[in-house]
Each structure stands twice: as C-alpha cells, then as structure tokens.
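Please read the points below with the sequence and the model open side by side. Each point takes up one part of the assembly.

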Amino acid sequence: MNPIIRFENVTKRFGALTVLDNFNFEVARGEKVTLIGPSGSGKSTVLRILMTLEPFQEGHLELDGIPYHEPGGHGPFKASEKHLHKIRCNVGMVFQSFNLFPHMTVLRNIVEAPVAVLKMKRDEAESRATELLRMVGLYDKKDHFPSQLSGGQQQRVAIARALAMRPRVLLFDEPTSALDPQLVGEVLGVIRDLAQEHDLTMLLVTHEMRFAREVSDRVCFFDKGRIVEQGDPELLFSNPQQPRTREFLSSILGEPAPARESLRRVP
Amino acid sequence: MNPIIRFENVTKRFGALTVLDNFNFEVARGEKVTLIGPSGSGKSTVLRILMTLEPFQEGHLELDGIPYHEPGGHGPFKASEKHLHKIRCNVGMVFQSFNLFPHMTVLRNIVEAPVAVLKMKRDEAESRATELLRMVGLYDKKDHFPSQLSGGQQQRVAIARALAMRPRVLLFDEPTSALDPQLVGEVLGVIRDLAQEHDLTMLLVTHEMRFAREVSDRVCFFDKGRIVEQGDPELLFSNPQQPRTREFLSSILGEPAPARESLRRVP
Amino acid sequence: MMYGYAWDTTTPLTFAISILPILGIGLLVTLKAAAVGYAIALVLGLVLALLRRSRFRIVSWTVAGFTEFVRDTPLLVQLFFLYYVLPDFGIVLPAFMTGALALGLQYSAYTSEVYRGGIDAIPRGQWEAATALNLSRLRTYRDIVVPQMVPRIVPSLGNYLVSMLKETPVLSVVTVLDMLGLANMIGERTFEYLVPLSMVGLIFLPMTLICSALIYLVERALPKSGIPLR
Amino acid sequence: MTWTQYLPPLLKGAQITVTISLASIALGAILAFAAGIARTSSNRILSGIAFVYIVLFRGTPLLVQLFWFYYALPLIGISFDPITTGIMTLSLLTGAFGAEVVRGALLSVPHTQLEAARALNFSKSYTLWHISMPQAVIEMMPAFGNLAIQNLKDTALVSLISIADLTFQAQSMRNITLDSATVYTLTLVGYFIIALCLMLVMRFIEKKLRRGPAFPRSAHS
Amino acid sequence: LTLEDVKEAGYIQGATANEVPYGYMKEDGTAAGIGPDVAIAVLKRMGIDEVNWTVTPFGTLIPGLKARRFAFAAAEQNISPERCKQVSFTEPNSSYGEGLLVKKGNPKKLTTYADIAKDPSLKVAVVSGANNIDFLRAVGVKDSQIVIIQANADAPATVQSRVDAYAATELTVSKLAEGSEAVEQVRPFTDPVVDGKPVRNYGGFAFRPEDKELRDAFNKELVEFRKTEDYRKILTSYGLSEESIKAAAAKNVADLCAGK
Ligand SMILES: Nc1ncnc2c1ncn2[C@@H]1O[C@H](COP(=O)(O)OP(=O)(O)OP(=O)(O)O)[C@@H](O)[C@H]1O
Ligand SMILES: Nc1ncnc2c1ncn2[C@@H]1O[C@H](COP(=O)(O)OP(=O)(O)OP(=O)(O)O)[C@@H](O)[C@H]1O
Ligand SMILES: [Mg+2]
Ligand SMILES: [Mg+2]
C-alpha cells in the first residue's frame, strides 16, 4: 500500500535559515508516528507544512496521493487556493494553544466547519458534534464559551473540532505542553482512545515520553531538520543507537530517571 | 527587647472580603521569619500592609516603635504622607516580579533612591551601590539595563536596590517564583548570605521549603488570614501539629517526597 | 427672518431663543451629513483595510499611499477639490453628497487604521485554526475575524463619530449650511455673531458629551461572549 | 500663468502654515502635559479644572473656538493678533486632546512600578517625573504623532480668521487665476509633504527616546 | 483710535474682502481694487503713507471692525440702514447696480432677479454676507432656491455645474464673466425693484463708530479727492462708467443711512 504521507527531498527555508534540507519521510496509512527532538529542530515545521500553514520551497510532498505543488502553480504555495482546499480536506490539526474560537460556544466551535466547508446540514452536524463531545467527555459543556473551560477541557474540544471534519490524518503539535500538569492526563486519555482507531493516521509531536512509547507505532528522533534515528518506541527508548539521541533522551528523562519526566515538560 | 514588628488585632478588608481578621503577630529584631500557606491566604497582604502599600481598617500595627495609624490621621491610611514616609524609612521590599525601573541602568536603579530620598551625595551613593553590586555578584553589569539581564540577575539587582536604603526590616514576597528553575539558586544564594546579618530582620514569603528550613528562625503557616501553626522550621516541617498544616505540607512537598519539591514551584 | 423664523435681537437671551429653530434646521443637516459620512467611513474603511492586506503589492501599496494622503491633508482643501475640481472632469456631485463623501473619505482613512489594528490583534492561532478547518477566506473574515474584532474597535470607531460631528461645520465652504453656517448667516444679517456662535458651541458640547456617554454604554453592552480582551 | 508661477505665494503660505503648526504643537504639548498630569492628580480642584478644559475644547468645533477667540474676546477687551490667536486656539485644542493621551499613558505605567517607587520611599512628584513619565512618554509618541498631523490639518481653518496660510493663499490664487484644479492639487501636495516631514520628525524623536536597550520594542505588555 | 494715534504709529490697518474689482489681494500680496486704491490715495493726502492690509471673508468685515481687528474696511460695502447701525460709513465712493452671471447663452433666459422667483426649480447663488440676498428675497425668491457660496471666485464653477445664476453686483459679474469662457453676464439686465425703487448700491468705507474723528478726517479728504482726475482714473480703470461715478457723488451718506 502507498504511504499516506510522503516527503521527498523537501527543502524548507525561513529567509536564510534552512529548516528542512532534502527531507525524506513517509507515514503509512493508519500509522501512529511520534516526532521527538530538541527545540528548534523543525518538528512543528513538518506539521505546519502538512497543514498548508507554511509553504516549502523545493521537493515533492504528497498526502493521500495528492501532491502539494500543482504543476504551474503560483504563489508561495505553488498551488491554487482550491487545490490547497482539497489537500486540507484530508488533514486536521490540534494546536499547542488550542486556538478555539472564543466568540463561539463549544458546540458552535465544532459545528461551524462541517456546515461551512462540508456543507453538512446543521442538525446533522450538531448530532455528530454531540457524539464527539460525549467521546471527549464534555457533553455538558456544549453551551459554554471556551473562556469558561479549563485548558484541558479546551484542548479536548479542539480535538473534537478537528475530528468533526473527518480527516484521514490528524496532526498534534505538543497538545499538552500548555496545560497545567494535573490537566495533562485527561487530554492524553482522549488521544490514547483515538489511537485505537485503525483508519486514522496520527502524527504527534510531544515531550511526554512515556505516552509516546505507549501509543506510537514508530518514534522519530529529529535534530536540525533531519531524522537522526527512528524505530519502534521500545527499542529506541531503551537502546538508542546515535549519541545525539542518547544525549537528548537522557536530558529529557532526567538524571534521576522516571521521577522527573513530567518536570521538564513545564517550560 | 521590644519586637520590631507588632500586629495587634489588625483587621484588613477588601470590600466585603475580610483578609485579616484580628490578626496578631510579632517579629523580634534580627529574626528571620518565613510565611508559608496556600494561595490567597493573605501572606502577601501582610507584607504589603507593612510596606504601606495597603491600608488596614482596624487594630494596631507598629514597626520599630512607630505606629502605622497616626492619632487623628485621615485618609485610608489614617496617617499623613509624611508619617508614612517615616515608617517606610525602616522597611524595604523585594517583589516577585522584581519591578526594576526599565529606563534606568542597574547602577541608577540602586543609586536613585538614596540620592533622592536619603539625600546622600551621588558619589557616596555610587560607591555604596558598587559595593552592593559586588555583593550580589553583578558589578560587571552595572551599566546594563534591566531588559538586558536574566530574571535571576534582575532579582539580585532588586535586592541590592532595597538594601541601598539600609532598611531594618526587609520583606521578600516570593522572590524566586517568577524565575526559571535554573536561576532560582543564584537568588537564594544572595538571600542566604543576607540571612547571616545579625541586625537585619527578614520576613519572607516563599514556596521553597528546603530553603525556608535552612535560613529561617521561625516558620509560620498561614491559612485564611490566620497563623495556624508556627515554630522552629525543623519541628514544623518534620512534625506538624495541625491537620491543615500537614495537608498543605504534603501537597507542597509532593507524594513521592523530596524529588518533586522544585516541580511545584513552577506555577 | 430665515426659513420662516424671525429673530428678536432685543436681548441676548431672546435672541438666543428666537434663533433656536433655525439652528435646529442646521443641526439636522449636521446630523444627516455625519450619518451619511459615517456610514461611508465604516464601509469604505473596512474595504481599504482589507485591500491593504492584499497579496498584490500594487494594490496594498496604492491603498496605503491613498489612505496616507487622505489622512495627511486637510478636509477643507479636500472639500474644495471635490467640489470645484471634479466638475472639470464632468463629475458633478450635489453639495451635500460632496460634503458627506469628503467626510466619509477622510474618516475611512482613520477607520481603516482602526480595522487594521483590530485585525492585527486577532491572534495568529485563530487564522491558523481557520485554515486547518478549511474555512474559506470569506468565512474566516465573516465568522472568525469580524466578530472578534468588533468589540475591540467599537470605542475607537465611536470616538471618530464624535470628531466627525465636530468637523461638519467645514461643509459650509461647499454651500452646505450646517448649524455653524446658519449661525454665521444670522450673524451676517444681524451683525450679531457672538450669540449665534456661542449657541452653536453650547449645542455641540452636550451633543458630543452624550455621544461619548453612549459609546461607553454600547461598549459595555456589547456581548463579549467570553472574549478575553487582553 | 503656469503652475510654477503659483509656487512663490503658495510657499509663502506654507511657511505660515508650518510656523503656526510647529508653534501650536509645542505649546499644545506643554498644555497637554499640564492638563494630563492635573487630571491624574489627587487634587480635586486641579483635576476638575483640567477636566472642564478638556471637555470644553474637545467638545466644540474648532471653527467656533476660532471665532470666539478672534471676534468675541476683543469685545470684552482681550485681543491678540491673528497669528497669535490662531496659535493659541490650536494649542488649546491640541492640548486638550494631548491631555487625554498623557493621562492614558501615565495610567498605563504598570502598577508595580509605582509600588516599587513607594517601597523606596520616593515622593509623589519624584515618582511622577522620574519613574512614571520616562516610561509613559514613549507610550505617548505614536498618539502624539497623530495629533501633530491633526494639528497641521486644522491649521487650514485659520484661513478663516484672515491668516495668509497655505489654504488662504490657495484661495487667493484661485480668485485671480480661476484655475482650481492646479491650485488645489498643489495645495494638497503641499500639505502632504509637510505632513510627511512632521511624521519623520516624530519618528526621529521616538527613536531617540527609545534609543538604547532600555525599551526593547516588545518589552511592554 | 484717532488720527493722532495713526500718525504716531505711522501706519493704519485696513481690510478688504476678496472681491474683484472692489478689493482683492494681488499675486504679490498687495491689495488692489477700487476700495483699497482710493483709500491709499486718500490716506496719502492725510499724510499716512503706509497701510497694512488684511484680506478677510466679506461676511467677517463688520465683526472684524467691531473686534478692532482693523481701523477701516475698504470693500465697497453697500451703505444700508442696517449696516449704518453697526459701523460708521464715509460718503459713497462708488455706485453700482446689480448683475447676474449665467451659463453661456443664458439658457434660462433670465433678465432680472424676479425671473428667478417665477420658477421655483431655479437656483441662484450669492456670496456669504452680501446684501444681494436681501434683494432676491425682496423680489420673492425662496430661501430654498438660494445657495450660499463663500467667495466670488467660486461663482463661475458654481454657475457652470450647480446653479442657474449668480447674483452679485454688476462689476463683480462682469469681471467674473471676463475670466471664464463658460459663463456670461446677463445683458440687458433690469435692476430689481424693491419698495418701488430700482436698487442701486452705494459703496463706502466703513469705520468704527467710536473712531468718529478719524472717519471725519478721512471723509473730508475723500470728498476732496472725489473731485480730482486721479479719482476718476482709478474708478474707470476698474470698469466703472461715468454715470456710476456721477451717481455716487450725487448721494450723501446721511440719506443712505436713513433709507432715503
Ligand atoms: N515563521 C518563522 N520565521 C522564521 N523562522 C522560523 C519561523 N518558524 C520557525 N522558525 C525557525 O525554524 C526552526 C524550526 O522551528 P520549529 O518551530 O519547527 O521547531 P520545533 O522543533 O517545533 O521546536 P519547539 O520544540 O521549540 O516547538 C527554528 O529555528 C525556528 O526559529
Ligand atoms: N487589591 C485587592 N482587591 C481585592 N481583593 C484582593 C486584593 N488583593 C488581594 N485580594 C484578596 O485577598 C486575599 C489574600 O490575597 P494575598 O495576595 O495576600 O494572598 P497570598 O497568600 O499572597 O496568595 P498567593 O500565594 O497566591 O500570592 C485573596 O483572596 C485575594 O483575592
Ligand atoms: Mg514546535
Ligand atoms: Mg502573594
């Protein structure tokens, strides 16, 4: 089967800074992949390119068979807005800072896009939203505004919002790192449930190592815009091959081992 | 010897909220006292009242023999500005967020008050400031602006600034809780040195339990505007008498004991 | 006598009272001009603000240059220009329309800045979330950006309404007689300027004060829907 | 007559416009600080006077104010020449608007700065001038820039009290030549150029004030 | 203000409105026109060589005088009983009839002010502060038909595109018609009849009532000067006819102020 995501010699620059340099990376359909790596290594950039939030300069990228660059495409994205629209139909993203729409209730946050984009009927969209809210355990908050929710609750709504668009690929960019430690668990719980879904491809950036080990099929260690090492989480964590990986893992997991893991998460 | 600070049935309200209710508290000359307690219990309020940043409504308070309320005093402080000026000559305060003056160099931040308030000669004030900067280890930064310093360095300057006024009582309101974990140590180091000074009375609000145990003569556990329990730090920490104290200490020190102490400090 | 109302100059007080109906007619003109001008400013300002964000440099620069030019030149001269020069090119707008248009143009340059600030204040994450949800540009503006922007910009927009009200007297140079223009006319006929002009000041003062108070009320009443404003 | 012949009288008018504008911006700034500080003062009388002044001048049209100062005040024996009247009126107007800017900027100085000053026992006036003001002034600059441009545009109205400013000269030229298009285009361009210069000056001042590392652009929140 | 004061100061403050040919500012910034030219000549005879001219909108001449902004106004204001109550006029300096400025070819076939009153759809412009508005109203023109412009110079553009006629004095109209191709002066024109008499204006110099002595001194020299050839030359150079000059000399200010 073809990979659902395929980066082929992708180069991404911010002005003079080259963040991805001839980057190659594939994700299979239904695979759950975690990206780890030091700050500034380009993890977010990979997700943002996939979400069409950032253009890239060179190389080939396709998602579910659709290439990002259109032949003869103009503008920074080298593709028409219509084409980008088609790509985005297959991807959803959950942000570090939730980015809920503050002027809409929880329900409307979820219903709005299916109605506007997928042309779903409003009551149909609402019944689906209700279902999703039940799944993330927030049905009783459906008429609240985001500012009335805790961070963990907001992030769960954000996940429901992304799911409402029925993406094939779901991207998570440090979904718990803006949360108070005691709220992290509830969000990870929801993601853990999602990871059970066979059809959904997940690409996850996180510093929650224990969690990454648990949910992912593959962990990729990222450094300076390249994948330095990747593989089965058990193997990678217990027996990293590269010195950079070892260094990074020991700094993240901390010297006195497991106890301090969650400490580092707080910025 | 008379206590240098004496709260006698002090009542402090914010509108309908009574924060201190018939509060009694004394600090002896040269004593180092740490206030601990849950958020909102009124610790900062005690310091802010002492610094004349907040008025109080009833009761008697004196510092170094000078009562805060003047007989026949008007306004919220029930005292003239001149009288408050006299009180403030004996107290200094170090804030959680440093509050350096951003438009002045480090040196001027320290020199300004002695010159403007104590009418010290500028070169005399500068030589004393230099001395203080040496003490806090920042002599080489004297011509920098606060924005060019790290949080820990800013806080050390703030301590030097407070000391330049030669206060008898120095108040610290969570002096390290706005700092990155790795910068906490340098500030605590400076305070630890200060604690050696025999003449200086120190009143400290902090969540650094290990540090409190080390420097203070007495620890007071504060809850809902009252001192629930106080005493020698070793005794209080190892064998708290009150259930509230025990609860609070266990939450602060964390279940898996010492290892997580520094974690909770980060808000 | 003017518009069928006679005046009585025996004492300043009777004079002031007798010219009130005439000034009232002028006040209507003032309010009408401000209403039309403000409507233009609100709509055109938004258009300019959006054009200024255009991806095409030529469009955004032209718009930037235009708003800057309009902002930096006096309304008085702009009025003359529109009224006396445009007819040379075959465009003859009625005097009132010229006045309202000039007011609207000048203030659209201001409001476009307000809109721009309002749009810039929308956190980047909101745009990105909208993109990630595949919302179209129009939808993003209509459903995400504008509703969040409005509560923030209402006070500034309101203040411009007040200053526009105060600037309507300039319209008398293009023959639109607002309250001040009529007061001047009364002065020219009676040779008594002090009373009519002071009356104009006295009428403006409570008007602008009330407007400011209304803005304050509207600002408070606007549904914030849980939007943290800072 | 070609357009180059229009230039000498227009330039003469522009000179007057610039003079009036600069003088009234300077005086207006002084008034703005005085009234703005008075507004934040705890002295009820001072703050009341400032309030009335601000309301009066912000709430009435400039044309009425000009007329008052030029034609009405002399009737009770107070008379200034046209240029002085123009400068005075514009200063008072600019000062009233500036006062609100000054007040806003003073109030935007973080509360904690004032507490730190109090803890160091600084007097109120020392705190105002050495702690609040240096930080507030930088906050004021963009708003002052806008006020300066507004002031320049308002000078056009002084032509109505027979000051031979740029607008007045334009009107005279047109009276003689009946060539509205050229005269008004030149006039608009004239104002635009003066405004650009004013803006450059204000930017320069702001940059000077910001100079050094004390106020990195994003330091304030 | 007395003559002594003026002589001591060495100069006098004069004002004129921007109205060709009665008084206006030339490109070089000096004042010209019937009023200023005659005033300068008369003042010279009085031993005052320097006049500081202010040009001010017509409507503000009288408030300016009252506010002591200048010592006299030389704008050929019509000597009318109402104005006499506010200011003190000299003997008439000129006399002029009324006129109408219309589009080229006079499409509405206007010959007098009363024609405008007959058709309520017509619009007529007058300059702010001028007394033509009173004549228009006297012959039955409605307020809604009248458009107030701020300066004479605005008239040709206004007549071309916005109104049907501009009502002003004969000379103003003729000067404006000379300057612009698209408009013309109505000829022959019948002066409006108000209170049974055809309207004729008598323009004089206005002083403050308090400065009676100064006015009298000026007046005396003016009367003398009117007899000279220089005077006639000034007036004819601005297009005034011999009859108008004679008509001015035939009236006196006391009668005009009394409404006779
Ligand atoms: N909009 C931008 N303009 C310029 N440089 C950028 C931009 N966004 C990211 N970068 C740079 O690109 C590099 C990679 O950034 P990226 O956000 O992908 O890192 P990351 O691995 O997600 O780090 P973190 O763990 O801190 O989120 C960094 O050096 C960053 O400074
Ligand atoms: N200016 C104020 N107006 C109204 N209420 C206030 C004000 N300042 C403090 N309070 C209230 O007084 C109570 C005590 O506050 P205080 O800041 O002294 O607590 P604290 O013990 O210092 O807490 P923390 O550890 O969070 O700093 C709180 O309930 C707080 O909400
Ligand atoms: Mg990232
Ligand atoms: Mg506190």
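1. UniProt positions are given here in the numbering used for this structure, feature names are shortened, and annotations may be inferred rather than shown by experiment. With that in mind, the unreviewed UniProt entry assigns "domain: ABC transmembrane type-1" to residues 27–215 of chain C. The end C-alpha atoms of residues 27–215 of chain C are 20 Å apart, and the span is 81% helix and 0% strand. Helices (H or I, at least four residues) and strands (E, at least two) are DSSP runs, numbered from the N terminus.

2. This is a predicted model, in which local features need pLDDT of at least 70 and side-chain atom pairs count only at pLDDT 80 or more, while totals for chains, interfaces and linings use all residues. Residues are numbered from 1 along each chain as its sequence is written, chains are lettered from A and ligands numbered from 1 in the order in which they are written, and side-chain values use heavy atoms, with hydrogens and water left out.

3. Chain C as a whole has nine helices and zero strands. Its C-alpha trace spans about 75 × 45 × 25 Å along the principal axes. The unreviewed UniProt entry also places "transmembrane region" at residues 12–29, 35–51, 170–187 and 193–218 of chain C. For residues 12–29 of chain C, the end C-alpha atoms lie 25 Å apart and the span is 94% helix and 0% strand. For residues 35–51 of chain C, the corresponding distance is 24 Å, with 100% helix and 0% strand.

4. Which chains share the most contacts? Among the six pairs of chains in contact, it is chains C and D, where contact means heavy atoms within 4.5 Å. Chain B and chain C have no contact, and their closest C-alpha atoms lie 20 Å apart. Chain B and chain E have none either; their closest C-alpha atoms lie 50 Å apart.

5. Two packed helices are described by the angle between their axes and the distance between the axes. In chain D, the axes of helix α6 (residues 124–154) and helix α8 (residues 180–210) come within 10 Å and cross at roughly 165°. Axes are lines fitted to C-alpha atoms, for helices over the stretch in contact, and angles run from 0 to 180 degrees between N-to-C directions. α6(D) is therefore roughly antiparallel to α8(D), a term for angles over 145 degrees. The crossing is right-handed, meaning that the near helix is turned clockwise from the far one by less than a right angle. The contact has 16 nonpolar, one polar and two charged residues. Ala, Val, Leu, Ile, Met, Phe, Trp, Tyr, Cys and Pro count as nonpolar, Asp, Glu, Lys and Arg as charged, and the others, Gly among them, as polar.

6. α8(D) also meets helix α1 (residues 3–40) of chain D: the axes come within 10 Å and cross at roughly 35°. This crossing of α1(D) and α8(D) is right-handed. Residues in the contact include D:Trp3 and D:Tyr6 of α1(D) and D:Tyr191 and D:Leu198 of α8(D). By class, the contact has 13 nonpolar, four polar and no charged residues.

7. Over all chains there is one disulfide, defined as a pair of cysteine sulfur atoms within 2.5 Å. The bond joins E:Cys84 to E:Cys257, with S to S at 1.9 Å. The torsion about this S-S bond is about -70°, so the disulfide is left-handed. E:Cys84 lies in helix α4 (residues 81–86) of chain E and E:Cys257 in helix α12 (residues 253–257) of chain E, so the pair ties together parts 173 residues apart in sequence.

Note on methods
Angles under 35 degrees count as roughly parallel, over 145 as roughly antiparallel, 65 to 115 as roughly perpendicular and the rest as oblique.
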